[in-house]
Amino acid sequence: MAKKEKTAITPTRQENYPGWYQQVVKAADLAENSEVRGCMVIKPWGYGIWENIQRTLDDKFKATGHVNAYFPLFIPKSYFEKEAEHVEGFAKECAVVTHSRLEDDGHGGLKPAGKLTEELIVRPTSETIIGASFAKWVSSYRDLPLLINQWANVVRWELRTRLFLRTTEFLWQEGHTVHASSQEAQDETMMILKLYADFAREYLAMPVIEGRKTESEKFPGAEATYTFEAMMQDKKALQAGTSHFLGQKFAKASNIKFQSKEGVEEFAWTTSWGVTTRLIGALIMTHGDDNGVVLPPRIAPVHVVVVPIYRNEEEQKTVMAFVQELEDALKDMRYHERALQVKVDDRDLRGGEKVWEWIKKGVPVRLEVGPRDVAAASVFMGRRDMEPRQKSGMKMTDFVENVTGILDEIQNNIFKKAETFMNENIISMDDHDVFCDYFTPKNAENPEIHGGFALAHWCGDASCEENVKKDLKVTIRCIPLAQEAEEGRCIVCGKPSTKRVIYAKSY
RNA sequence: CGGGGCGUAGCGCAGUUCGGUUAGCGCACUGGUUUUGGGAACCAGGGGUCGGAGGUUCAAAUCCUCUCGCCCCGACCA
């Protein structure tokens, strides 16, 4: 029997998917658990990815007329109580500040003192406090639309956490806009959804499905929630981000009113939308393999890593001189909106070791340069979209000339691979038994990777949705936007339906 | 927050059932020698209050109680 190729990550995805995820995060040095339960430390490599996500999206928000601002971390409890559904949705996961200082407890420790007259909530989201400002800022239709975004941290006291996917504190971007008409607010909601989905496809190389959330899955207090869902390699769905049409609900709660052209005082129409550091988790589970992370070039902190190979000081000198020349040629180049990021890894470690470290971190292109390469004025290239040993030599000048093309090729390859995987695992189905079978693992004790996205008819009844969730732990991820009306029958109750929805297990 | 599992060196683990030399192993780390187009070999080292606090005992990583943390499943959620 052929010996299994040794992988950098154990367990493999097949062996234990959650275990693999955890090991990848560690091996790629993206983040670690902190001393504070449920919170993570995002390490430089992980934060570098976030910075690129941030920069890219920020440019896109600005280009569509949005401006950044910053609102307080603390929200007075009374603000929070204004929108009933909103309170209900978030109450269970709020961190509450009750005191303003500490004093000696008489036993060598400290105890909280200075009880606050009004308790403060650490923001789980900012609709209410931003709404309070908006109420002051808006008085005329001439003040609209108001297009604001903030980059911030938020806290949701989660019971079960996973690095990047769900932590007590996380980083995100929350857009909040105010409009004079329902239509304009709905257009904004959809425009942002498309912006997100395009970003996911073009930058994260992540295929996604845009759709609308059902009543039970929507944002607490929203009129409508739109989502873009991605498929992870364990065939579960991951909600990658959301865009909400809030109608006049929050305007009424926060008293955001304006005088229309006709001189009539009306409540405004608002939206909110956000993506979080969860996108990094999505990236890992969309492209990662048993050797670690695979980063899309357009979001990678480093595009090209150069590993010099030498045996003695003399070789070191010639190799490093050549590497310097290579670095100089590359570092002034541009790859899409960014400067090409080149990293020369001249640490005093063995070549193979360094190479594997970069494989695990997911750098798109690795160049190994030894004396023989220098003599031939060439480089030895490994690509993260190929096997670790599948390397090839080429003239240094050829590499420099083609590097952006190579990066684009990697970007395309990993998108295609993920897209093929997703498409292969989206199954249209109309039979209830087939549906149940699809979502039931063969080995109940130690469930194998199974299921996928089931495109099935739904009558629109919440009880059908609820039953599926109870029986199979499967939920309606979204009602896809891109579909034709089609006559069919609800996969649960058999009542007539005109649309298919995506059922899947999810994160 | 419920059910299950796990905390032993930086990482991965053995040892715990049935208490008993000086707590081991692999990788990593330090020094040396030899190697090297590539996840090196050999030699010699360093590093542990066995998650924490109590208790039982002549003796506790091992038994008991409590506690903290992590992982998986569930409920909840970006």
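Modeller: With two definitions. Helices (H or I, at least four residues) and strands (E, at least two) are DSSP runs, numbered from the N terminus. On a 1 Å grid over the protein atoms alone, a cavity is a set of points where a 1.4 Å probe fits but cannot get out, and lining residues have an atom within 4 Å of a point. This is a predicted model, in which local features need pLDDT of at least 70 and side-chain atom pairs count only at pLDDT 80 or more, while totals for chains, interfaces and linings use all residues. Residues are numbered from 1 along each chain as its sequence is written, chains are lettered from A and ligands numbered from 1 in the order in which they are written, and side-chain values use heavy atoms, without hydrogens or water.

Biologist: How many cavities of 30 Å³ or more does a search of the whole structure find?

Modeller: A volume is the space filled by probe spheres set on the grid points, which are joined across faces, edges and corners. The search finds one cavity of 30 Å³ or more. The largest cavity holds about 80 Å³ of space.

Biologist: Which element gives the largest share of the lining of the largest cavity?

Modeller: Helix 5 does, with four residues. Strand 8 (169-179), helix 7 (249-254) and strand 14 (269-276) also give two or more residues each. Among the lining residues are Phe134, His176, Phe250 and Thr270.

Biologist: Phe134 has a ring. How do I read pairs of rings?

Modeller: Rings of Phe, Tyr and Trp (its six-membered ring) pair if their centres lie within 6.5 Å; planes under 30 degrees apart count as stacked, over 60 as edge-to-face and the rest as tilted. The structure holds 18 aromatic pairs. In one of them, phenylalanine 71 and phenylalanine 134 have ring centres 6.4 Å apart and planes at 85°, so this pair is edge-to-face. It links distant parts of the chain, 63 residues apart: phenylalanine 71 is in the loop between strand 3 (67-68) and strand 4 (74-76), and phenylalanine 134 is in helix 5 (residues 127-137).

Biologist: Which kind of pair do phenylalanine 134 and tryptophan 137 form?

Modeller: A tilted one, with 5.6 Å centre to centre and 50° between the planes. An α-helix has 3.6 residues a turn, so residues three or four places apart point the same way. Phenylalanine 134 and tryptophan 137 are three residues apart in helix 5, and about one helical turn separates them.

Biologist: Is phenylalanine 134 buried or exposed?

Modeller: Buried means under 20% relative accessible area, exposed over 50%, partly exposed in between (1.4 Å probe, protein chains only). Phenylalanine 134 is buried, at 3%, whereas tryptophan 137 is partly exposed, at 41%.

Biologist: How long is helix 6 (residues 182-202)?

Modeller: The expected span of a helix is 1.5 Å times one less than its number of residues. Helix 6 has 21 residues and reaches 30 Å from first C-alpha to last, close to the 30 Å expected.

Biologist: How many disulfides does the structure hold?

Modeller: A disulfide is a pair of cysteine sulfur atoms within 2.5 Å. The structure holds zero. For cysteine 459, the nearest cysteine sulfur is that of cysteine 493, 3.7 Å away. Cysteine 459 is partly exposed, at 24% relative accessible area, and cysteine 490 is buried, at 4%.

Note on methods: 1 Å grid on protein atoms, 1.4 Å probe; cavity = no way out; pocket = protein on both sides within 12 Å on 5 of 7 lines; lining within 4 Å.
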